[in-house]
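Here is a short briefing on one protein model. Keep the sequence and the 3D view open as you read.

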Amino acid sequence: MIERYFQYQADLAVTESNMLCPEDCNAPGCQMADVIVEVSLFDLIRLSLALNTPVSSLFLNHCHFGFQSCELNRRYLSLLLKLEKPCHFLQKSGCKVQGFKPLNCVLFPEYHQIIDLRPELAKRPVFNRFPCLKSEIAVSNQRSQALKKLKKMSKREEALSRYFLLGIPSFIIDSKPLAKQLKRYSMKIKSFTVRDYDRLLKEELKTTGLFDGIMDKIALLDTRRQMESFFSQLEDKTLIRSLLEKMARPEIVFRLDGNRLKPMKRHLQRPEITSM
Ligand code: SF4
């Protein structure tokens, strides 16, 4: 089942694929920490099978937990698994794992063209160095359908991965107490970047028990039997529907209180802005 699933994704990824990266592109998306690439456990399993490397080792060497601005409300941050930057799979000749790279790498930038987000991304300073965003990208109808299918699969995989690791499909935290904490170290700074919050996550949030048992869970996926059991949950339509609903409309946010994370009821409203 696992190989068939990944083969299906690989076929979708090359469907009418005509996009060539511009010659003057030096792969900023693969290098810049500010350009977040979320990876799911399914991405790690795909890489694990292709590279014959345990999932736990890929996790330790290529990823870290980090934050992203919550697209539902900028006061909050979403916790996710990020690809390490500069990406260790980047070589002079390009991506070393081209045929089995994370789905978010496959989708960029054509999917953003399909959903009309490319012009908005091009205006953001962080994407200044992306020649591929400067003009319209031609995407055939068939390719558009294939990428939309991959995006749906990617959403399900992210929801299930977060649920497996953190017990909920969307871990959202209030940035205000975190900013207070950061201000203790840098009194003069008024606003903080996602990278500042990531540093705090590495240094302080670990003491809250947030990541207790994470490595044990990931190590389970080093065995074929556990991989298959994890995959079988993708077929549980009720579970997946409920995770996707909770991901789209989270009702719990966490707040740092001393060295505890307190869950609080909140209904997050979708603002007009969207993020990548
Ligand atoms: S996996 Fe490949 S495409 Fe994705 S960030 Fe790394 S080098 Fe770039």
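How many residues does the largest nonpolar core have, and which of them have the most contacts inside it? The model is a predicted one. Its largest nonpolar core has 37 residues. Those with the most contacts inside this core are Leu44, Ile45, Val55, Leu77, Ile172, Ile173 and Leu221.

**The nonpolar cores**

- Take valine 55 as a close-up. Leaving aside neighbours within four places in sequence, valine 55 is in contact with Leu44, Ile45, Ser48, Ile218, Leu221 and Asp222.

- The buried ones are Leu41, Phe42, Asp43, Leu44, Ile45, Arg46, Leu47 and Ser48.
- What do these buried residues pack against? Their partners are helix 1 (2–14), helix 4 (55–62), helix 5 (103–107), helix 8 (141–166) and helix 12 (224–232).
- Just after helix 3 comes asparagine 52, with a positive phi of about 55°.

**Helix 8 and its partners**

- The axes of helix 1 and helix 8 come within 8 Å and cross at roughly 140°. That angle makes helix 1 oblique to helix 8.
- Is the crossing of helix 1 and helix 8 left-handed or right-handed? Helix 1 passes helix 8 in a left-handed crossing.
- On the helix 1 side, the contact uses Gln9, Leu12 and Ala13. On the helix 8 side, it uses Ala146, Lys149, Leu150 and Met153.
- By class, the contact of helix 1 with helix 8 has 5 nonpolar, 1 polar and 1 charged residues.
- Helix 8 also packs with helix 13 (residues 237–248), at an angle of about 90° and with the axes 9 Å apart. The two helices are therefore roughly perpendicular to each other.
- Here helix 8 brings Lys155, Arg156, Ala159, Leu160 and Tyr163. Helix 13 brings Ile240, Leu243, Leu244 and Met247.
- The contact of helix 8 with helix 13 holds 7 nonpolar, no polar and 2 charged residues.

**Helix 9 and helix 10**

- How do helix 9 and helix 10 lie, parallel or perpendicular? The axes of helix 9 (residues 175–185) and helix 10 (residues 194–203) come within 10 Å and cross at roughly 80°. The pair is therefore roughly perpendicular.
- Helix 9 makes the contact through Ser175, Leu178, Gln181 and Leu182. Helix 10 answers with Asp196, Tyr197 and Leu200.
- The classes here are 4 nonpolar, 2 polar and 1 charged.

**Isoleucine 114**

- Isoleucine 114 is found in helix 6 (residues 110–114).
- Isoleucine 114 has 18 C-beta neighbours inside 10 Å, so it counts as partly exposed.
- Leaving aside neighbours within four places in sequence, isoleucine 114 is in contact with Val139, Ser144, Leu147 and Lys148.
- Isoleucine 114 and isoleucine 218 are 104 residues apart in sequence. In space they are 34 Å apart, C-alpha to C-alpha.

How values were computed: Residues are numbered from 1 along each chain as its sequence is written. This is a predicted model: local features need pLDDT of at least 70, side-chain atom pairs count only at pLDDT 80 or more; totals for chains, interfaces and linings use all residues. Axes are lines fitted to C-alpha atoms, for helices over the stretch in contact, and angles run from 0 to 180 degrees between N-to-C directions. Helices (H or I, at least four residues) and strands (E, at least two) are DSSP runs, numbered from the N terminus. Angles under 35 degrees count as roughly parallel, over 145 as roughly antiparallel, 65 to 115 as roughly perpendicular and the rest as oblique. Two residues are in contact if their C-beta atoms, placed from the backbone, lie within 7 Å. Ala, Val, Leu, Ile, Met, Phe, Trp, Tyr, Cys and Pro count as nonpolar, Asp, Glu, Lys and Arg as charged, and the others, Gly among them, as polar. A residue is buried if 20 or more other C-beta atoms lie within 10 Å of its own, exposed if 12 or fewer, and partly exposed in between; C-beta atoms are placed from the backbone. A nonpolar core is a set of buried Ala, Val, Leu, Ile, Met, Phe, Trp, Tyr and Cys residues joined through C-beta atoms within 7 Å. A crossing is left-handed if the near helix is turned anticlockwise from the far one by less than a right angle, and right-handed if clockwise.
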